[in-house]
Amino acid sequence: MTTLLISDPLFLDHAMPEGHPERPDRLRAIDKVLKLPAFDGLKREKAAPGDLSLAELAHPAAHVREISRLAPEDGHAYIDGDTSLNPGSMPAAAAALASMRRCVEAVMNREANNAFLAARPPGHHAEHETAMGFCFFNTVAVGARLAQQQGAKRVAIVDFDVHHGNGTQDIFWRDKDVLFVSSHEMPLYPGTGEHGERGEHNNILNMPLRAGDGGAAFAEAYRGHAFPAIRNFAPDIILISAGFDAHIRDPLGNLELEAKDYGWITEELMELAEKHCGGRIVSTLEGGYDLQGLAGGVASHVHKLMGA
Ligand SMILES: [Zn+2]
C-alpha cells in the first residue's frame, strides 16, 4: 500500500490578515503530526511547479485572469469580507492545482494507491465564476476533470467539511458523470446544501446535519444515503474534499465529530473504492480551524489511507 503525501512550505506563503482562521499554522500542525514515526511509510513529495492554467478546467479563463489581476505586490487585496489575496496566494493556488494533477496522475498510473494533498488555499467554496469563503479556485473540481482526462469516466466527490461545498455543487450541477456527495451543518455558511438540491441528473446528494450532531448522525447519513449512492454510481475514482472543521473542537462549526470518525469514514470510502475503482482515492485538504482537532483528524485520515 503506497500513500502519496504532497506538502510544501510554499503553501505557507498564502496568508490572509492576522487573526484569520484559515492560517498557515494549520499546515504547520499537519506537517508536525505527519512527521511522527507512524507516518514513515508515506511517499512524500514537494508541490509540483505551479500551473494556473489548470484552473480553466473548472472556471472561465476570464475569471481566472481577473483573480490573478487582483493579486497584490504587497499587503492584501480583498475578494470579499473574509477572502483576500497576498503576494503568496497565487503561487500557492497554482501549486495546489499542479499538485492535484500530480496526485491524480500518481493514483491513475498506480504509482500510489491513494494520495493526500496538504495544500492551502482550500477550494470547495469556489464556484464556476465566484471566488468566496477562503477559496479562489476549486481544486477538487479541477482534480475531477484531470481524472477524466486520464481515463476515469465517472468521478465521485465526497465532501465531509462542516460547510457545504457550494462551489463543487455549482460546477457539477449539470454533469451526469460526476456524483457530488456532501455532509455539512445547516444552517451554516454558505447557506446552500438542502436535501432537495439534487442536480440536473440527480447527481448531487446533500446530507445536512444539525448543530450538535456527532459521529452517530454522521455515520447514519453516510450508511443510509451516501454509500448506497456511491455504490449505485460505480465511480472510476473517488475524490475527497477533506475538511476537518466538523470536529467537536472547531470554532467555526457546531458538529461533534472526533478523530476516530475521520478514521471510520476513510476506511469505509476505501472499501467502496476497493470494490469499484481499484482503491483509487485522492483526498485534498479543505477546512479545519482548531489546530489540535485538525491534526488529530488528518492523522486518523492519513493513517487509514496508508492501510493501517
Ligand atoms: Zn469548512
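Reader: How many of the eleven residues of H4 are buried?

Author: This is a predicted model, in which local features need pLDDT of at least 70 and side-chain atom pairs count only at pLDDT 80 or more, while totals for chains, interfaces and linings use all residues. Residues are numbered from 1 along each chain as its sequence is written. Helices (H or I, at least four residues) and strands (E, at least two) are DSSP runs numbered from the N terminus, and a residue is buried if 20 or more other C-beta atoms lie within 10 Å of its own, exposed if 12 or fewer and partly exposed in between, with C-beta atoms placed from the backbone. On that count H4 is mostly covered, and its buried residues number nine of eleven.

Reader: Which elements do the buried residues of H4 pack against?

Author: The buried residues of H4 include Thr 139, Val 142, Gly 143, Leu 146 and Ala 147. Two residues are in contact if their C-beta atoms, placed from the backbone, lie within 7 Å. By this test the partners of the buried residues of H4 are H3, strand E6 (155-159), helix H5 (166-172), strand E7 (178-185), strand E9 (237-242) and strand E10 (281-285).

Reader: Are H3 and H4 roughly parallel or oblique to each other?

Author: Axes are lines fitted to C-alpha atoms, for helices over the stretch in contact, and angles run from 0 to 180 degrees between N-to-C directions. Helix H3 (residues 89-108) and helix H4 (residues 139-149) pack at about 40°, with their axes 9 Å apart. Angles under 35 degrees count as roughly parallel, over 145 as roughly antiparallel, 65 to 115 as roughly perpendicular and the rest as oblique. H3 and H4 are therefore oblique.

Reader: What span does H3 reach from its first C-alpha to its last?

Author: H3 is mostly covered, with 18 of its 20 residues buried. The expected span of a helix is 1.5 Å times one less than its number of residues. For the 20 residues of H3 the expected value is 28 Å, and the span from first C-alpha to last is close to it, at 28 Å.

Reader: Is Phe 134 buried or exposed?

Author: Phe 134 is found in the loop between E5 and H4, and its phi, near 70°, is a positive value in a residue other than glycine. Because Phe 134 has 26 C-beta neighbours inside 10 Å, it counts as buried.

Reader: Which residue is joined to Pro 121 by a cis peptide bond?

Author: Pro 121 is found in the loop between strand E5 (114-117) and H4. The cis bond has an omega of about -5°, and the partner of Pro 121 is Arg 120.

Reader: Are H6 and H7 roughly parallel or oblique to each other?

Author: Helix H6 (residues 215-233) and helix H7 (residues 259-277) pack at an angle of about 15°, with their axes 11 Å apart. H6 and H7 are therefore roughly parallel.

Reader: Which residues does Leu 291 touch, not counting residues up to four places away in sequence?

Author: Leu 291 lies in helix H8 (residues 291-305) and is partly exposed, with 17 other C-beta atoms within 10 Å. Leu 291 and Asp 25 are 266 residues apart in sequence, yet 7.7 Å apart in space, C-alpha to C-alpha. With that exclusion, the residues that Leu 291 touches are Asp 25, Arg 26 and Ala 29.
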